[in-house]
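Please walk me through this model, starting with how its parts meet. Then take the linking segment and the helix that follows.

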Amino acid sequence: MQESTIRIALVGTGFMGRMHAQVYRQIGGCAVHHVLSLKGQTAEELAGKLGAEVAPDFDSILANPDIDVVDICLPTDLHAPFSIRALQAGKHVLCEKPMAIDLESADQMLAARDASGKTLMIAQCIRFWPEYVRLREIVKDGRLGNLRSLQLTRFGAFPTWSSEGWIGMEPRSGGAALDMHIHDTDFVVDLLGEPDEVISRGSVDERGVSRVFTLMRCGRTTVQLEGGWDLPSSAPFRMSFRAVFDQGLVMFDGGPLTIYRDGQAPEPVTDLPRMSAGDVGGNLSDLGGYFFEIDYFLRCIREGKPVDASSPESSRQALAVALNEIGQVHHQGAHS
Ligand SMILES: NC(=O)c1ccc[n+]([C@@H]2O[C@H](COP(=O)([O-])OP(=O)(O)OC[C@H]3O[C@@H](n4cnc5c(N)ncnc54)[C@H](O)[C@@H]3O)[C@@H](O)[C@H]2O)c1
């Protein structure tokens, strides 16, 4: 039996919209039908590459019965209003992270999902990133014993590309902690559950929290996180982790994921799945977790299954922890 094509409207054609477009090009059984953006020119260029049409406005997407999925790659403060309208119009929704700018908006998204009976998934790409997926497997199957401590970092220069400069406005983006660092907060909350204790300090500038240092206690595991976008513009983006177990270390820091054990040679992990990028003007040659994330979302829709690997309830939980971190940094008043 031939599978029907899942038809997608891609809303937002900036950094992430182009990334998602690359992924759709590599996944079978789906097609981007419409593209919408504030900047008509970007939308036209991308639509041309995808063989899609440029939608005149969001209403036309909602009213189009041929569209199954609305993919929201918009500034963070627009995630909730656009997702809710799409769900109310009977569309499945993939929405970029962070879920929303505040918990009230996230709750409204969950309510709209429940009322519609459609699928809502927040695009928490790190949950699907091959190195982080392998770390989760090692934690869960206990092959190295208990996880004693976990350190995660994510930092780079301030992203300058955003439309209307929205990313530099804390009420729209939530600053570095909500935009960038939440990837690691989300990974920890998904892996270890809600932390028993969260202590955050950091720096604040005119764009909001620019760097956050957090210590979490999650059962018997101590977690240290660092994230920020306050590096010089020439500095590279970098994400890393170091997981110390009773019987070994799992490290990802600029090179291949590597396992270290007492008395043994380092073991680079060489069997991680990879998906190379297409040619629609994205930013990576390897699609990392983005491919596996969107592939998972589309498979759940096709098979009528819940998005258990990345439920919006768990994204809301991560948002709550990240907002707590931001609140602590502001409260401490470390203005630079
Ligand atoms: N998962 C990741 O690794 C990752 C990386 C970067 C950004 N993001 C997230 O993706 C989202 C988008 O970020 P970005 O970097 O792509 O931003 P961007 O500024 O590059 O792109 C935003 C897009 O939205 C469009 N837009 C803005 N307002 C609109 C409106 N009212 N109607 C229609 N289109 C509108 C703009 O024209 C632009 O195409 C953010 O929530 C961000 O946090 C995720």
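Domain 1 and domain 2 bury about 1,900 Å² between them. Carbon and sulfur atoms give 66% of that area. Buried area here is the accessible area (1.4 Å probe) that two parts lose on being put together, summed over both. In domain 1, K97, I101 and L103 lose the most area to domain 2, together 25% of what that side buries.

This is a predicted model, in which local features need pLDDT of at least 70 and side-chain atom pairs count only at pLDDT 80 or more, while totals for chains, interfaces and linings use all residues. Residues are numbered from 1 along each chain as its sequence is written, and side-chain values use heavy atoms, with hydrogens and water left out.

Domain 1 covers 6–123, and domain 2 covers 126–273 + 307–332. These bounds come from an automatic or database domain assignment. The two centres, taken over C-alpha atoms, lie 26 Å apart. Contact (heavy atoms within 4.5 Å) joins 22 residues of domain 1 to 23 residues of domain 2.

What holds charge across this interface? The rule finds 3 salt bridges between domain 1 and domain 2. A salt bridge is a side-chain nitrogen of Lys or Arg within 4 Å of a carboxyl oxygen of Asp or Glu. R113 forms a salt bridge with E313, with the closest N and O atoms 2.5 Å apart. α5 (103–116) gives the most to the side of domain 1 that touches domain 2, with 5 residues. Helices (H or I, at least four residues) and strands (E, at least two) are DSSP runs, numbered from the N terminus.

Now the segment after β6. Q124 sits in the loop between β6 (120–123) and α6. Is Q124 buried or exposed? Q124 is buried, because its relative accessible area is 2% and buried means under 20% (exposed is over 50%, partly exposed in between; 1.4 Å probe, protein chains only). Beyond its neighbours within four places in sequence, Q124 is in contact with K97, D186, E293, S310 and S315.

Next comes α6. Its 12 residues (130–141) should span 16 Å at 1.5 Å a residue, and its end C-alpha atoms are 16 Å apart, which agrees. The expected span is 1.5 Å times one less than the number of residues. Buried residues of α6 include Y132, L135, I138 and V139. The buried residues of α6 pack against β7 (147–157), α8 (175–192), β11 (238–245), β12 (248–253), β13 (258–260) and α9 (288–303). Just after α6, G142 takes a positive phi of about 70°.
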